[in-house]
Amino acid sequence: MTSTFPLEAVPPPTGWEVAAVPADHPDATVLLREYTDELISRYYRRPASSSEIDTFAGDIADLFEPRGSLLVARAGRTLLGCTGIHWLDEERAELTRVYVRPGARRGGGGARLIGAAEQAARARGAHRMLLNTRKDLTEAIALYTRLGYRPTDPFGDDPYAELWLARPLSGD
């Protein structure tokens, strides 16, 4: 189900535009459905069904203000990826739903999206960014580690979370 495009058609991350959009915006819906499809397919090692994607991609209440925000990356009209921010409290934000389309990977886009999320969190007064992930998402774990995320105490109630990471946002 995930659509791809040639990597050479994607500008480098410095040419990416990242902006907040409502979580129910049509571009957000496309990216969140692709993200959900990939997560389910990897976890169960089979294609995700439409009903599974509908159920999980539609669970976006935490991405609307005042609970959260969704950032979408584009190059012109081309959608490249997204990431969510869930506001935990005045000092902590949670990075969630980090997704870069397959054709845009390996060019620094994930780091660009995470950097934009961290900047948004700092602007809102957050001093710490937390996240959780699954252990099978090795590429994501490598990226988070490279960006300075380190193990932290478990938080939240995500039944699929296997690893919890955090990074201070002050003093960067």
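**View 1. Strand 4 and strand 5 run parallel and are joined by three bridges.** The model is predicted: local features require pLDDT of at least 70 and side-chain atom pairs count only at pLDDT 80 or more, while totals for chains, interfaces and linings use all residues. Residues are numbered from 1 along each chain as its sequence is written, and side-chain values use heavy atoms, with hydrogens and water left out. Strand 4 comprises residues 92-100, and strand 5 comprises residues 128-133; strands (E, at least two residues) and helices (H or I, at least four) are DSSP runs numbered from the N terminus. Two strands are taken to pair if DSSP finds at least two bridges between them. Across this pair, Ala-93 stands opposite Met-129 of strand 5. Together with helix 3 (residues 109-123), strand 4 and strand 5 make a right-handed β-α-β unit. Right-handed denotes a path from the first strand over the helix to the second that runs clockwise when the strands point away from the viewer.

**View 2. Strand 5 also pairs with strand 7, in the antiparallel sense.** Six bridges link strand 5 to strand 7 (residues 163-168). The bridge partner of Met-129 in strand 7 is Arg-167. Strand 5 is largely enclosed by the rest of the structure, because five of its six residues are buried. Buried means under 20% relative accessible area, exposed over 50%, and partly exposed in between (1.4 Å probe, protein chains only).

View 3. Strands of a sheet pair through backbone hydrogen bonds, either parallel or antiparallel. Strand 3 and strand 4 are paired in the antiparallel sense over six bridges, and Ile-85 stands opposite Leu-95 in strand 4. Strand 3 (residues 78-87) also holds Leu-79, which is buried at a relative accessible area of 9%. Leu-79 lies 9.6 Å from Trp-16, C-alpha to C-alpha, although the two are 63 residues apart in sequence.

**View 4. Tyr-43, Tyr-44, Phe-56 and Tyr-160 make a nonpolar surface patch of about 390 Å².** Patches are made of residues with over 30% relative accessible area and no salt bridge, nonpolar side chains (Val, Leu, Ile, Met, Phe, Trp, Tyr) being joined within 5 Å and like charges within 9 Å. A salt bridge is a side-chain nitrogen of Lys or Arg within 4 Å of a carboxyl oxygen of Asp or Glu. Accessible areas come from the Shrake-Rupley method with a 1.4 Å probe; for residues, only the protein chains shown count as cover. Tyr-44 belongs to helix 1 (residues 26-44) and counts as partly exposed, at 41% relative accessibility.

**View 5. Backbone geometry is shown at Arg-45, Arg-106 and the bond from Glu-65 to Pro-66.** Most residues other than glycine have a negative phi, and most peptide bonds are trans. Arg-45 has a positive phi, near 55°; this residue occupies the loop between helix 1 and helix 2 and is exposed, with a relative accessible area of 78%. Arg-106 likewise has a positive phi, of about 70°. The place of Arg-106 is in the loop between strand 4 and helix 3, where Arg-106 counts as exposed at 85% relative accessibility. The peptide bond from Glu-65 to Pro-66 is cis, with omega near 10°. Pro-66 is located in the loop between helix 2 (50-57) and strand 2 (68-75).
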